[in-house]
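This report concerns a barrel and a pocket. Please consult the sequence and the model while reading.

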Amino acid sequence: MPLVAAALIAYAAGLLAEFGGAPFGAVVATALASALVALIHHRSAAVALALLVACGAATARAADARSARCLVAAARADAWRVVLDDDAAPGGYARGTLTDDDGCALPVAVFAAAGRAPAGHAAIVRGALIRSERGAGVVVREARVRDDGSAAALPALRAHAARAIGRTFGGDSALALALLVADTRSLTPELRDRFAAAGLVHVLSISGLHVAVIAAALLLAFQGLRLPRVAATAGAVGATALYVAMIGAPAPAVRAGTMLAAAAASRLLQRPTSPWASLALGAWLPVLLDPRAVLDLGFQLSVAGMASLVASGALARRVLRARDDAGGP
């Protein structure tokens, strides 16, 4: 296994230990002691891996402390600026991000009682704020919403795409919204149950497969325009990155986009790349952007699934090579 994959495992172990409630001092002391022993035995790679465990624990602790400070600041305020991912209207709820001047960014669900604001816009929200039962986000109930007139580029682009999908697909837009812009709010319980019964419920959330299909379609489109190979590949990677950012950068999609970019760079540079290293890079970027991504079940399943594919491919090649060496059928 490449060192970059081992480094990811060490860093993730530190994150999980701290987020999981392990004593911070014990984790760091154990990691530093392991690094010292490895240093005495001149094992530089082991030293680096032990230090990465400590770095992961420190990063998780810092993320927890920052979330706590942001929650305290939000609880003291009587109004909040929220960048909306969905339209806010009386009687409904909208997802978004609560921001402030200190750089805090908390996931928020707004249950609107009065006022309206379109998706992609920033809104001034007042109401009863409580901490969400999931993660480090918050919920605002009985919210009074006022559009402040400013728009955020990527959420606005996503909202525009969602409206275009609604006009194009009409009554069948719920499934298209889920598959194209990661908006599953319109899916009926009956449709979810049918996908679950077929063992395909995972298809309803944006995953590596969706990103790969979109990247392949973009690459074919650019090649159809007779762009040079480098320009077509760079354009497909860039457009895929924009798409992933537009839908909110879910961790599995970021993982897939990073792996696709690594594979494209490898082909253009004509340099072989270990699939383990590519997977590690793809798994590391979401965790660097948001350390709490390591706790996300979808991200865990995405990484575990890809690891299974890489491992099974390596095992199959080894078995076939052994059979050929033995002169078998």
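Which helices each supply at least two residues of the lining of the second largest pocket?

## The second largest pocket

In this predicted model, the helices in question are α7 (208-224), α8 (229-246), α9 (251-269) and α10 (275-289), each of which supplies at least two lining residues. The largest contribution is that of α9, with 13 residues.

The volume of the second largest pocket is about 560 Å³. Its lining comprises 31 residues, of which M259, L260, A261, A263 and A264 are the closest to the centre. By class, the lining consists of 21 nonpolar, 8 polar and 2 charged residues.

## The barrel

A barrel is closed by 5 strands with mixed pairing, in the order β1-β2-β3-β5-β4. From one strand to the next, the twist averages 55°.

Strand β4 (residues 121-131) is paired with strand β5 (residues 138-151) in the antiparallel sense, over 9 bridges.

Strand β1 (residues 80-84) is largely enclosed by the rest of the structure, because 4 of its 5 residues are buried. The cut-off for buried is under 20% relative accessible area.

Antiparallel pairing joins β1 to β4 over 4 bridges, and W80 stands opposite V125 in β4. The pairing of β1 with strand β2 (residues 93-99) is likewise antiparallel over 4 bridges; here the bridge partner of L84 is G96 in β2.

Notes. Residues numbered from 1 in each chain as written. Predicted model: local features only at pLDDT ≥ 70, side-chain atom pairs only at ≥ 80, totals over all residues. Heavy atoms only, no water. Pairing = 2+ DSSP bridges. Axes fitted to C-alpha atoms, helices over the stretch in contact; angles between N-to-C directions. 1 Å grid on protein atoms, 1.4 Å probe; cavity = no way out; pocket = protein on both sides within 12 Å on 5 of 7 lines; lining within 4 Å. Points joined across faces, edges and corners; volume = space filled by probe spheres on them. Nonpolar A, V, L, I, M, F, W, Y, C, P; charged D, E, K, R; others polar. Buried < 20%, exposed > 50% of the residue type's maximum accessible area, 1.4 Å probe, protein only.
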